[in-house]
Structures are given as C-alpha cells and as structure tokens.
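I opened the notebook to record what I looked up, entry by entry.

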Amino acid sequence: MRILIQYQSKNIIWTHQNAVANFCNPHCDRSAVNTGKMEEAKASCLNILTYHRELLVSRLRSLQCILDNLLACGFVCEEDVEIVQRSATKTDQVRKILELVQCKGEEACEYLIYIIYKVCDAYIDLQPWLREIDYTPSSDVTAMTVVNTDPISRYCEKLRHEMSRDTCFIMSYGQREETRLEDLYTDTQMELLNDCNESLGFLERLDQLLGDHAVFNPQGETIYVMGDAGVGKSILLQKLQNLWSKKDLQTDAIFFFKFRCRMFSIFKDTDQISLRDLLFKYNCYPDHDPDNEVFDYMLRFPEKVLFTFDGYDEIQMNDLMNAPEVVSPEVKAHPVQLLISLLCGKLLKGSQKVLTARTGTEIQSRVIRKKLTLGGFSPAHLKTYIDLHFKEQEHRDLVSVQLDASPHLCGLCSTPLFCWIVLKSFRHLHTMHDSFYLPETCITLTDIFLLLSEVFLSRSGSPAPSLLKKSTRCVSETFKAGLRPLAAFAKLALQGMERGSFIYSQEEITECGLAEEDLTLGFLRPISEYDASGSPATFEVFHVILQSFLAAFALVLDEQAAAGSILKFFAECSRKREPSCLPFDLCICGSSKSNKKTPFETNEHLQFTNLFLCGLLSKAHAGLMEHLVCPVLLKKKQALLKSYLSTSVKSHLTGLPHYNSGEGRKVHVLPNFLWMLRCIFETGSKDIAQMTAKGITADFIKLGHCNVFSGDCTALNFVLQHRRRLLGLDMDNNNISDYGVKQLRPSFCKMTVVRLCVNHLSDSSIEVLAEELCKHKVVEVLGLYNNYITDVGAKLVAQIIEECPKLRVVKIGKNQITSVGGRHLASAIQSSTSIFDVGMWGNSIGDGGAEAFAEALRHHPRLTNLSLSANGITSKGGRCLAEALKENSVLRIFWLVQNELTDDAAPLLAELVQANTGLSHLWLINNQFTVDGIKNLAAGLTNNTALKEICVKGNQLSEEEEKLFVEEKRLRFH
C-alpha cells in the first residue's frame, strides 16, 4: 500500500507491503492565508511516531535529556518520569516515553521530535531518520525552549571549557607571570612531507592541519609532527587545542583528549587501567552520566574523537614491549599498552590522532596519515615574534639591529625556544640594568642558557628596580648569590638524566635541598595532575634542553665525584644504536624486542648535556665558573675534557667511511659528526678546531639529510676555516636557510663543490654566494635545486657561471625562475667554456626561456647534459630547441619531460634525430604526442646510430598504438 503524506510542502512516499488496517490516515486541514493561497497541512506527528515506533525503540538513547525537557515544558509530570525510570530496560523506557507523549497529544509528539532535531549530537543515530521524513520544525514548536541536558553534549562543552582554560595561557615561561597564548603565539614553518620525506609544500594555517590535503595514506589515522627540540611542537599542539576549544578548528570531532607522553613514565610496571579511566582521569570526567553514555558514544563513533600525544620520543619502554595487544576497550592494561593500541588503531579505530616527536624518531609509515616537519621561524615569522614581544618601537628597532648584525644569532633565533630566551633575557635585563645589549661576539647555546639562568636567578630576593636608578649588571654576583638553588636544581636534573626521566616528585625535590620559594624561580613547573589534597604532586623542568643544561652544570659543580665523571654521557652517546620504530614494531610487525630498557628513541638530551658541558668548561666562561667551582678542580676538568675531545675527534675522523669518486676522496659523515662539531664550537678552542680541520683528509664531505639547521653552520665554519686545502661540501636536504649561508661565508673560499639543494634558500643567499664564489673562482659544482630562487637570484647565478672559469655543473631546478631568469642563465651558459651539466627541471621558463637556451646550445663546445623538464615549454619552444640542436655535436643527454610538446614539434625533432648529431638520450616523457608524432620520431631513428633511447612514456597513445613500434627497441614506452 502506498501512502502519500503532504508534509511541510514536501512530498514523502512511504511504501508498505501489507495494508495496515489500524493506521490512521493523516488529516488534511487546509486554511486560507493572507495572500489567499492555501497551505498544505502537515502529517500528524503522532502518526509518525506510531509508524516509526520500532525504529525509535531501537535507536533512541540519551533519554534523560528528553525527560528533562518534557518535564520542563509541562508535557509530563514527576510521576510520569518516575514511571519511565522504573522500567527495567532502555527499550522499555523508550516505549513508555512514546506512550506518554502520544497520550498527551499532537503538540507533545511534535516537541519530542523537535528535541531530537535540536540536540543532534546526542541523537546522531536518528539524524538520517529526520532527513528521511524531511522534518522541518513548525513555527509553534520553535518558540519552545530545548535545554541540552544530554551527557554527551554537556561533556563536549565541559571538555571545551577545560581545554580553553588549560590552553589560553603559556605556562612554560616561569611561575611568576602568565602570557596569553594569543598575545605571543606565532606560526612556524610547517612543511608537509610525503612518505619518502619529500616536500609537499607548506601548511598555510594551523586550523587546516586535520584536513585531507597532503594525506599520503588514507588508511592511517595519525598525523605525525616532527621537529628538533625547542622548535615549537608543544606550543603548536597547545594552539591546536585552543582552536578546538573555540570551535575554530576544521574538524567534526566533539571530544578532544590531550596527553603528554612523558606522563606515561610515572606509572609503575604493574599499573593497570581501563581505556575509559585513562581518557577521563587525565582529562576530565563526564557529569551526570550514570549509564556510561559518553564512553559508549565514543565506541560507536570513534571518528568524533581527537587525540594529541606530545613527545612520543620521551616514552620509556621496557618489558612491556612483549606484552599482548589490547583490542577490547573494557580490558584493563598498562597505560603504555593502551597508548600503543590507540596509535595502532586497535582501540577506537577511526579516531584522529596528532603525534609529535623529535626529528630522528622512526615511526612506521603505515600508521601515519600525514606528516609535517617544523622548520622554526622564517625571517617574517621572527619579525612578527619580535613585534609581539616588544610593544615599544624603540626596543623592536634595537633588537632588530642587533640581530641583523649577527647572522649566527639570527640562525639560533629561528628556533622558537632559543628566540624566546634571547628576547626574554633582553627585555628583563634591559629593564633591570643601566644598559644591556645582546653579545656582539659569536653567541653559543651555552650563552643563551646562561642568560636564561641569570634571568631566573635575578628574581631571587631582588627588589623591583627603581624607575630612576637601575643597577649595574654583574653576572658573577648573580650566580654566586643564586648558587644554592642553582646547584640544587642542577643536582635534580642530573638525577633525572641518569635515570632517563623528566618528572620529579615533591620528595625528590626536597631531598635535593630545594625550598618552596625556590620553585617560583622558573626552572621547574608543576604538572597538571594533582594528588588528593590538591597540591601539585609532581614537577618537571620547563624544557628538556634546560634539563640538559642543568645536568651539565651539576657535572661541573660536583666536587665530590671523580673529575672523570664529567665524561659519562659522552660514552653513552658514542655507543651504536640500532634504528628502531618502537613501539609500533610491536603492534604492527609483531616483532619481539629485547627487555633491555630503552628510555628514549633518541639520545639527543644526552648530546645536549655534552654540548653544554663543553660550553661551561670553555675558556670564555672560565671567569664565571671560577666563582662557582674550585679553580684547581675546574682546570682539571677542562684538561680532561680537552684531552677527551682531541682523542675522540681523531678516532671519529679515522673511522669515517671513505670512498673514491670522480670528485675525489669522499666521506659521508655519521650523525655524531654534527654533534662533535657543535661541541667543538661550544669550547671555542682554536686548537681543537685546527686539529679537526687537519684530520678531515677527504676532498668531499657529504652532510646531506643530517638535520643541519642554520645555527650549525657557524660550528661547521669554525672548523672549516682552519682547513688549508680545497674541499667539496654537500649539504643537500637540510634546513640551513639564508642565515646558514651567511655564516658559511668565510669558508666558501675553499669550496670546489657547493651543494645546498632543498635548504629553504632565497635570493638573499644567492647574493652571498655570488659575492664569495666570484671573488675566489674555485667552485666547480653548484647545487641549488628546490629552493626559493626567483629571477633576481637567477641573474646572480648567471654571474657566477660567467665569472667562475672552473664551474662545470649547475643544478637550479624546482625554483621560481621564469623566462626572464631563463634568458640570463642561457646567456651565461652560452659564454661559458667549462660548464657541461645544467639542470633546470621544474621552473617556468616557457618558450621565451627555451628560445634563449636554443641559442646557447647551437654551437656550445662543452655542454653535454641538459634538463629543461617541467618548464611549460610548448611546441614553439620545442621547435627552436630542435632546430638549434641540429648544429650541436656535443650534447648527449637532453630531457624535455613533462612539458607541453605536441605533434607540431615532432617533424623538427625527427630531423634532429635523423641528423645523428651524437645525442644519445632524448627524454620526452609526459608530453602530448600522439601516434602520428611518434611515427615521425621512429622514422628519424632509421638513420641514427648514436641515440640509445627516446623515452616517450606518458604521451597520448593507447596500448594498441604503442604496439605499432614494438620493433623499434629504442622507443621506450615503459
């Protein structure tokens, strides 16, 4: 039987296979309106509830919200509510509610449907049903109030409120002050990567993080954010959480749970907890949820749940690695097991996760949905950050001038943590003292953290400075006055470092001699978990790098332990570690691992401790340390460190793998090499730097993919400036930026190979390169692929080509060069007699640039390899190139991949092939040739003996058409 119901001027067709004798036909009550038109009557809501009774009984949940609103509007009384609640099961309660409202009449029935419509989160199962019946509330019912007392919706609002409260202030900057997140947060460079760590561009806004752009694994559920310590991973998550709390994050998630991975180290190996308690206890519990509706909702709709896990590299793993997986949300397990199962999708599969870790922490790609790397502040970000720090233009200008005068300091300030310390120190010490300026000499990381410690210690017992008279700054007096708390904090940090922990109990703090007033200095902060009395149960050093600094200070200050104990972490860092993807190996690969403790995925915290030890024992800081340590013991420790560094540097350089190539004797350095350079720079020892330079016997150093940032270039230059012989340097795929190039300026006079591909360089870097390379004229290879070079930079590269007579290879593809820059480069190449390999892949030189390159190629005596792929070249440019190449007998490899060449260019290309000029490899992949164009090329091959291949894969031929050329083996379609 077919029943047609006129409902709110829309037609709904219900089909019923059997006649329903007792079904009440809807009443059609028409009345005239002011316009004289007739309004169609709506279907009876009472009848709708009757017809869909079975569906409602099975799907209607969150009954308390319905009862609360029916009671508030007078449709039911207290006695009715008690009758419903006495029903044994949920389904019986639904039946009672339906019977009650149907007895109360049409208005009560419509109001029930309106409640389901208004509180959509609670009744998500019934939203398709509302669409099916094409429900639109009437004007009468919309005048009635619906109060959302649903546990799910109330919990969502509670989470947002708690999240807003927890994230609106930046709490890591000491306890005496609070900074609003929105007053200081500045975006950093957020680079999107694919599963091979190749760049996919940059994320423009943080609120787009959870979107589908740059997803390389749709089955993955985890967005992996990686970056060096101090680059801003935690503050990024805090901003993400704050955006969600204000409903400014692009996501459908209504639940957000945040975890810091280091908290999992506070659990004992025997601790067991359910997933429900893990989520609620360490975030917040739902109110008035006796039926556990909130957690049930999460299990049914995990896509509505969002997690952030900060600092995955800080998880301590032990014999839990061999524990079974947790697949049931009801089973109690160790919190780390629950964490692993969440990340692997064994629990709450379909939920969204954002995971942060330090660079170098390996995670299985199969669980990663999207990957980002944080690159710190760009120059524009740094300017914004300075403006937020200083409201007075005078201070902004003063800081900017001092930063511009020191590329190394600018490089350090590209790391947000270091930048905050520098700016914080400047503002504080400039306020406290008559004059304070940033150091004019080359500042080190040790200098930065000594500045921070000075700021913290100057708070202790210091009266507010007079507006009329400021004190004279005396660093040694500040440290001497604060030595007791500083030594206690240092001892605490060292104890944590030795046991691989960042978290400290109140008992441990007291045992180290710290008083309650010491905790307000800023070195420690309370963790958000509290004990039953409401007092902070545990503390942490506000950043892991500060903990490393304090641990190094403890090693220097300790007068009880043997002097040789200062080297304990050097030995730890020198041990070879097998690469690991734990704990994902356990849950994905099912591998069995050793029970040996592996507290951290990387040992970067120990490397930082060694670095700060070198800085504190350096000659530059001897004057300060002599006020804090017995001078005799200090000199003994300095001598031990220098001896150890000298020996280890020689051993390290001797052990590096060398191999011979066309560019001379090469060495591909190991990760410890970079830390060795950093430590040498912190010592400031010219002797060690000279010895290191002398020990580098290779002609070519490969530092590619070594996570080199701009500040490291000063350390590299500190050593290389002492080298006497020429050297090739490959620093591809790092993050040195323009600041790093400026710091390398003194070393370019010795460089025969300069490879700086994929390093975020702009025209500013090319200006430095042009000045230095043209001055010394020793460069032979220049690699600048995949940077941000425009036509301005291209003109400077052209100058290098023209003025450097030994330059043989130039790679400048995937930049932002148009036909203007292309003409400059082509003109320079035309006049060069040394260059033989040019890579221009992925620019936009177009036909104008192609015409210029055609003239450069026509009679070039040296150029053998050329790539103009992906440059927007059409058949017009292709014809010019083909015509010119007929007069060139030198070019051997020519790539025109991924352009816009059609059959119009084929005849001239065929003539080029037929001319048999000596060209051996012609690549025309991914153009627009049809079978007719390929026939021209095939005909040209009949008289050619030099060409080994013409690659024409990805053109406009069918498989059947490709088979026509099966006899011509040099035509490659695959």
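Where does N707 lie? I found N707 in the loop between strand 19 (700-702) and helix 31 (710-720). I note at the outset that the model is predicted.

**Entry: positive phi**

I looked up N707 for its backbone. Its phi is positive, about 60°, although N707 is not a glycine. Its relative accessible area is 33%, so I put N707 down as partly exposed.

I then turned to S737, another residue other than glycine with a positive phi, near 60°. S737 lies in helix 32 (residues 737-743). I have S737 as buried, because its relative accessibility is 16% and the cut-off for buried is under 20%.

The glycine I noted is G684, which takes a positive phi of about 65° just after helix 29.

**Entry: helix 29**

Is helix 29 (residues 671-683) enclosed or open? I wrote that it is largely enclosed by the rest of the structure, because eleven of its 13 residues are buried. The buried residues in helix 29 include F673, W675, R678, F681 and E682. Two of these also meet through their side chains: the charged end of R678 sits over the ring of W675, at 4.4 Å from the ring centre.

I looked up a second case of a charge over a ring. R180 lies over the face of F169, and the distance to the ring centre is 5.3 Å.

**Entry: aromatic pairs**

How many aromatic pairs does the structure hold? I have 38 aromatic pairs on record. I looked up two of them.

The pair Y114 and Y117 is stacked, because the ring centres are 6.2 Å apart and the planes stand at 20°, where under 30 degrees counts as stacked. Both residues lie in helix 6 (residues 106-118), three residues apart, which is about one turn of the helix. In general, an α-helix has 3.6 residues a turn, so residues three or four places apart point the same way. Y114 is buried at 5% relative accessibility, whereas Y117 is partly exposed at 36%.

The pair F267 and Y282 is edge-to-face, with 5.7 Å from centre to centre and 85° between the planes. I found F267 in the loop between strand 10 (255-260) and helix 12 (275-281). Y282 is in the loop between helix 12 and helix 13 (293-300), so the pair ties together parts that are 15 residues apart in sequence. F267 is buried with a relative accessible area of 13%, and Y282 counts as buried at 15%.

**Entry: cysteines**

How many disulfides are there? I recorded zero disulfides. I looked up the accessibility of two cysteines: C73 is partly exposed at 31%, whereas C168 is buried at 17%.

**Entry: strand 13**

I looked up strand 13 (residues 368-374) next. Six of its seven residues are buried, so strand 13 is largely enclosed by the rest of the structure. Strand 7 (residues 190-193) runs antiparallel to strand 13 and is joined to it by four bridges. In that pairing, L192 stands opposite L372. Strand 9 (residues 222-227) pairs with strand 13 in the parallel sense, over five bridges. Here T222 stands opposite I368.

In what order do the strands of the open sheet 14-16-15 pair, parallel or antiparallel? I noted three strands in that order, and the pairing is antiparallel. Strand 14 (503-505) and strand 15 (524-526) are the edge strands, and each pairs on one side only. The twist from one strand to the next averages 40°. Strand 15 and strand 16 (residues 538-541) are paired over three bridges.

**Entry: totals**

The protein chain comes to 40 helices and 29 strands. Of its 974 residues, 56% count as buried. Among contacts with a separation of 6 or more, residues 24 or more positions apart account for 78%.

Terms used
Residues are numbered from 1 along each chain as its sequence is written. This is a predicted model: local features need pLDDT of at least 70, side-chain atom pairs count only at pLDDT 80 or more; totals for chains, interfaces and linings use all residues. Side-chain values use heavy atoms; hydrogens and water are left out. Rings of Phe, Tyr and Trp (its six-membered ring) pair if their centres lie within 6.5 Å; planes under 30 degrees apart count as stacked, over 60 as edge-to-face and the rest as tilted. Helices (H or I, at least four residues) and strands (E, at least two) are DSSP runs, numbered from the N terminus. Buried means under 20% relative accessible area, exposed over 50%, partly exposed in between (1.4 Å probe, protein chains only). A charge sits over a ring if NZ of Lys or CZ of Arg is within 6 Å of the ring centre and within 35 degrees of the ring normal. A disulfide is a pair of cysteine sulfur atoms within 2.5 Å. Two strands pair if DSSP finds at least two bridges between them. Axes are lines fitted to C-alpha atoms, for helices over the stretch in contact, and angles run from 0 to 180 degrees between N-to-C directions. Contact means heavy atoms within 4.5 Å.
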